Amino acid sequence: MNYYELQLVARNTPGCLERILNTSRVRGFEIKHFNAKLHPRHNHFKIELAVASNRSQQHLVMQLAKQYDIRELSPAKRKFAAIKA
């Protein structure tokens with residue numbers, strides 16, 4: 001299983017955060033970390049999302065980019081290998 005990190009900027013609209021999480025889960029990605037900070041002056045969220053999946057990160061990026069709330073989306077440069085306990 002591969003671990004990926006994404007950084008997003010999304011408009012503060014009703015259901016925005018739920019749509020991001022739901023899209024990630026429906027597309028076969030397990031949420032490992034989710035952090036959203038609201039910047040009220042600009043009315044947008046800065047989001048850090050870490051996921052795990054056997055699927056390609058690009059699959060998730062393409063699906064999230066289609067959402068009208070997303071203003072910026074950038075995959076982190078690092079890819080994490082699975083950690084076995």
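Contact here means that heavy atoms lie within 4.5 Å of each other. The model shown is predicted, so local features need pLDDT of at least 70 and side-chain atom pairs count only at pLDDT 80 or more, whereas totals for chains, interfaces and linings use all residues. Residues are numbered from 1 along each chain as its sequence is written, and side-chain values use heavy atoms, with hydrogens and water left out.

View 1. Helices (H or I, at least four residues) and strands (E, at least two) are DSSP runs, numbered from the N terminus, and along the sequence they follow the pattern β-α-β-β-α-β. Of the contacts between residues at least 6 apart in sequence, 70% join residues at least 24 apart. Buried residues, meaning those under 20% relative accessible area, with exposed being over 50% and partly exposed in between (1.4 Å probe, protein chains only), make up 32% of the 85 residues. The accessible surface, computed by the Shrake-Rupley method with a 1.4 Å probe, where for residues only the protein chains shown count as cover, comes to about 5700 Å², and 50% of this surface belongs to carbon and sulfur atoms.

**View 2. Strand E3 and its pairing with E1 and E2.** Two strands pair if DSSP finds at least two bridges between them. Strand E3 (residues 44-53) runs antiparallel to strand E2 (residues 30-39), to which 9 bridges join it, and 10 bridges join E3 to strand E1 (residues 2-11), again in an antiparallel arrangement. Phenylalanine 34 stands opposite leucine 49 in E3, while arginine 11 has histidine 44 of E3 as its bridge partner. Strand E3 is mostly covered, with 8 of its 10 residues buried.

**View 3. Asparagine 43 in the loop between E2 and E3.** The hairpin of E2 and E3 has 4 residues between the strands. Asparagine 43 has a phi near 55 degrees, which is a positive value in a residue other than glycine. Asparagine 43 counts as partly exposed because its relative accessibility is 39%.

**View 4. The contact of helix H1 with helix H2.** Two packed helices are described by the angle between their axes and the distance between the axes. The axes of H1 and H2 (residues 57-65) come within 10 Å and cross at roughly 145 degrees; axes are lines fitted to C-alpha atoms, for helices over the stretch in contact, and angles run from 0 to 180 degrees between N-to-C directions. Ile20, Thr23 and Ser24 in H1 meet Leu60, Gln63 and Leu64 in H2.

View 5. When neighbours within four places in sequence are left aside, serine 24 is in contact with Phe29, Ile31, Leu49, Leu60 and Leu64. Valine 61 is 37 residues from serine 24 in sequence, and the two are 9.4 Å apart in space, C-alpha to C-alpha.
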